[in-house]
Amino acid sequence: MKRPTETDVLGAFLISARSLAEYRAIFELTDADLRGRILDCPGGAASFVAEAAELGAHVIAADPVYATPAAKLGELVRTETERGSVYAGAHHERYRWDFYGDPDRLQAIRLTAATRFGDDLLTNPGHYVAAQLPALPFPDDSFDLTLSSHLLFTYADRLDADFHLAALLELARVTTGETRLYPLVDHSGRPRNDLVAHLRKELHDKGIPTELRPTRYEFHRGATEMLVLRPNRR
């Protein structure tokens, strides 16, 4: 198998398929968190919507990829899942494997999530909205909790500070409670501390309090915090 290069992974935004167990670990989700209205943005091919719904949550996932016809998207998701797993395995040293064990187990978890996503997309298409940051088609305060992973900061090489700020303001607009973002490193594992500090100041100046909150999940080495936007008491 050809060893992927940095260019391979940077050729496009990777569509990831994560499970509810991963979301729980990444975002420190409690059972109480899963009882309200939740936005997953970008949702990718995660099985979170389907699995959380079984626990009573009302979850909407937003991602521009949902404009792709379901059959084609199902094929694309499997390809993307394998691409991401191969990349992680080829750059083994960048990651901590405590949660997954090894690249084969990672791929198995992600393929299972991708399959569950594909089934739910066909059964409950209304739970998946084709939309992209920084402009979402939801009224103010539509959600009690918003989760956002592996877009902001991850792709800081192509999404500038202005885009990040506009995206964060939009997520805050549609959320009455917390917005949680992870990771705060880019795709290569490099911390984006300056960008995080800049955005926190901008948000503070606009009346949106933030905090850095530890998370027990660590896949990229050093990615042990999430950025939390707390409610803007406007």
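**Exercise 1. Which residues do ring pairs link into a cluster?**

Solution. The structure is a predicted model, in which local features need pLDDT of at least 70, side-chain atom pairs count only at pLDDT 80 or more, and totals for chains, interfaces and linings use all residues. Residues are numbered from 1 along each chain as its sequence is written, and side-chain values use heavy atoms, with hydrogens and water left out.

Step 1. Rings of Phe, Tyr and Trp (its six-membered ring) pair if their centres lie within 6.5 Å; planes under 30 degrees apart are stacked, over 60 edge-to-face, and the rest tilted. The count by this rule is 15 aromatic pairs.

Step 2. One of them joins phenylalanine 99 and tyrosine 217, edge-to-face, at 5.5 Å centre to centre and 70° between the planes. Phenylalanine 99 is in the loop between α4 (70–90) and α5 (103–123) and tyrosine 217 in the loop between β6 and β7, so this pair ties together parts 118 residues apart in sequence. Helices (H or I, at least four residues) and strands (E, at least two) are DSSP runs, numbered from the N terminus.

Step 3. Tyrosine 100 and tyrosine 217 have ring centres 6.4 Å apart and planes at 90°, so this pair too is edge-to-face. Tyrosine 100 is in the loop between α4 and α5, 117 residues from tyrosine 217.

Step 4. Ring pairs link Tyr95, Trp97, Phe99, Tyr100, Tyr182, Tyr217 and Phe219 into the cluster.

**Exercise 2. Classify phenylalanine 99, tyrosine 100 and tyrosine 217 as buried, partly exposed or exposed.**

Solution. Step 1. Buried means under 20% relative accessible area, exposed over 50%, and partly exposed in between (1.4 Å probe, protein chains only).

Step 2. Phenylalanine 99 has 36% relative accessibility and is therefore partly exposed. Tyrosine 217, at 3%, is buried, and tyrosine 100 is buried as well.

**Exercise 3. Describe the largest nonpolar core and say which element gives the most to it.**

Solution. Step 1. A nonpolar core is a set of buried Ala, Val, Leu, Ile, Met, Phe, Trp, Tyr and Cys residues joined through side-chain atoms within 4.5 Å.

Step 2. The largest has 43 residues, and Phe27, Leu29, Ile38, Phe48, Phe117, Leu147 and Phe219 have the most contacts inside it.

Step 3. At least two residues each come from α2 (20–27), α3 (48–53), β2, α4, α5, β4 and β7. With 6 residues, α5 gives the most.

Step 4. A separate second core has 30 residues, including Leu165, Leu181, Leu195 and Leu227.
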